[in-house]
Amino acid sequence: MEYSRSAVSLTPSATLQLCAKARELSCEGRDIISLSAGQPDFPTPAPIAEAGVDAIRKGKTGYTASTGIPELKEAVAAQYSERRNVHWLPSNVLVGCGAKHNLANLTRAAVNPGDKVLLPRPFWVSYPEMVKASGGIPVFPEKRINGSEIRKAAGEGAVGVFLNYPSNPTGFVPSESFLKEIADAIAETDMWVISDDIYEDLAYLDSGVPHILDFHPSLKERTAVVSGVSKTYAMTGWRIGYSLACIEWTRLAGILQAHSTSNPCSISQWAALTAIQGKAKTEKEEMHESFHIRRDLICELLAGVDGLEFKKPDGAFYVFPRLLNDPQKADTNRFCSELLSDEGVAVIPGSAFGAEGYIRISFAASADDIREGIHRLGKFLRRRLNT
Ligand SMILES: Cc1ncc(COP(=O)(O)O)c(C=O)c1O
């Protein structure tokens, strides 16, 4: 049998592979410290979980509208209209099976075979594969993304761009001037934008996270804002994401969804509605505070480790240090697999994010695991530098 060329071109998720290897070693009885997780290590807050149980008890267990229940779409439209200071209606909202699902459907709805799509580096692992799965061609700026890189890509035929702030893997939160330059450049082109805002509520600066729509509200007509409840409310397994885009883009992505998964889980949609209505505000703030404390802890510990250079992340729950002198700094896949087998510490190779020479360390872990994990990483690096 000959398989689909676009399917064959996809690379499996390095993150999932490494997590699977760590789980396998842990099952064999090895003492594994996982600093690889892309999800909060907290249970879903009780009021949200209760709303799910209540939905089951009340029999809200049948198919829903394939694009989501009207109550959730209304709540999302209202919340994001206020947050971004633009006007969205429920018809601009698509509720998907996790933000990843929205990203995939919006990409498919926007990309034609051969279309070039600009992906600033480092990028989240799934973006290039989503573009390729739609028949598109991912293109990467030579340098750090800025206005001229956007203009250059548009001049070379790129039709769209993905933005992701706070970023996975760096935790980078742009300054207003940085993002304004990008927004200005995009506004001069015809490019569409997918703005992956999944970590928008996990930022540690009082000034918050700026958005391209703050500078050019008219970009709303060709920007899809994607977010969801996974990271903010510790709901990764419930699989609810949502997007806000123009009616046609939303309609097309919704048709793709209707013919593939149909509606996201009905129970999870009711639970997500409770989250968005603010019924777990205290728990949300407590989790945020806890990530903030761990961010400070991990940065303090990493500052004492020789052989690494890193920027303090202002959002998400990742640090992305560069390996300075390690013999495997040009092969972080190998570095990470040796770190896992020698010291039992799981982190993700930068190569998965288009940034060879870096590693992604998650601080969505207990303070004890962070301390022990960074201690072992330091030991591992010291040993290699001394041999
Ligand atoms: C940048 C980014 N976007 C999207 C997602 C997917 O989120 P969800 O679990 O809601 O599908 C993730 C999850 O790791 C992510 O890191």
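1. The axis of a helix is a line fitted to its C-alpha atoms, here over the stretch in contact, and the angle between two axes runs from 0 to 180 degrees between N-to-C directions. In this predicted model, the axes of helix α13 (residues 332-343) and helix α14 (residues 367-385) come within 11 Å and cross at roughly 110 degrees. Angles of 65 to 115 degrees count as roughly perpendicular, and α13 is therefore roughly perpendicular to α14.

2. Which residues bring these two helices into contact? On the side of α13 they are Leu339, Asp342 and Glu343, and these meet Arg376, Leu377, Lys379 and Phe380 in α14. By class, the contact of α13 with α14 has 3 nonpolar residues, 4 charged residues and no polar ones.

3. The protein is divided into two parts: domain 1 (5-43 + 282-385) and domain 2 (59-276). Taken over C-alpha atoms, the centres of domain 1 and domain 2 are separated by 26 Å. Domain 1 gives 31 residues to the contact and domain 2 gives 28 residues.

4. On the side of domain 1 that touches domain 2, the elements giving two or more residues are α2 (14-27), α12 (281-303) and β10 (318-319). The largest share, 6 residues, comes from α12. This side of domain 1 holds 16 nonpolar, 11 polar and 4 charged residues.

5. The largest nonpolar core has 110 residues, of which Leu106, Val161, Ile186, Ala272, Ala275 and Val347 touch the most other members. The core lies between domain 1 and domain 2, because both give residues to it. Leaving aside neighbours within four places in sequence, the contacts of Leu106 include Ile194, Ala224, Val226 and Trp249.

6. Beyond its neighbours within four places in sequence, Thr15 is in contact with Ser36, Gly38, Val125, Ile348 and Ala352. Thr15 and Lys379 are 364 residues apart along the chain, and their C-alpha atoms are separated by 23 Å.

7. Asp197 lies in the loop between β6 (192-196) and α9 (212-215). This aspartate is buried, since 22 other C-beta atoms lie within 10 Å. Leaving aside neighbours within four places in sequence, Asp197 is in contact with Val225, Val226 and Ser227. From Asp197 to Ala271 the separation is 74 residues in sequence and 20 Å in space, C-alpha to C-alpha.

8. Some backbone angles deserve a remark. Most residues other than glycine have a negative phi, and most peptide bonds are trans. The peptide bond from Arg121 to Pro122 is cis, with omega near -10 degrees, and Pro122 is found in the loop between β3 (116-118) and α6 (126-133). The bond from Tyr165 to Pro166 is also cis, with omega near -10 degrees; Pro166 lies in the loop between β5 (158-163) and α8 (176-188).

9. Positive phi values occur at Asn85, near 60 degrees, and at Ala316, near 55 degrees. Asn85 is placed in the loop between α4 (70-84) and β2 (93-96), whereas Ala316 lies in the loop between β9 (308-309) and β10. Asn85 is exposed, because 11 other C-beta atoms lie within 10 Å, and 12 or fewer count as exposed. Ala316 has 30 C-beta neighbours inside 10 Å and so counts as buried.

Terms used. Residues are numbered from 1 along each chain as its sequence is written. This is a predicted model: local features need pLDDT of at least 70, side-chain atom pairs count only at pLDDT 80 or more; totals for chains, interfaces and linings use all residues. Helices (H or I, at least four residues) and strands (E, at least two) are DSSP runs, numbered from the N terminus. Angles under 35 degrees count as roughly parallel, over 145 as roughly antiparallel, 65 to 115 as roughly perpendicular and the rest as oblique. Two residues are in contact if their C-beta atoms, placed from the backbone, lie within 7 Å. Ala, Val, Leu, Ile, Met, Phe, Trp, Tyr, Cys and Pro count as nonpolar, Asp, Glu, Lys and Arg as charged, and the others, Gly among them, as polar. Domain bounds come from an automatic or database domain assignment. A nonpolar core is a set of buried Ala, Val, Leu, Ile, Met, Phe, Trp, Tyr and Cys residues joined through C-beta atoms within 7 Å. A residue is buried if 20 or more other C-beta atoms lie within 10 Å of its own, exposed if 12 or fewer, and partly exposed in between; C-beta atoms are placed from the backbone.
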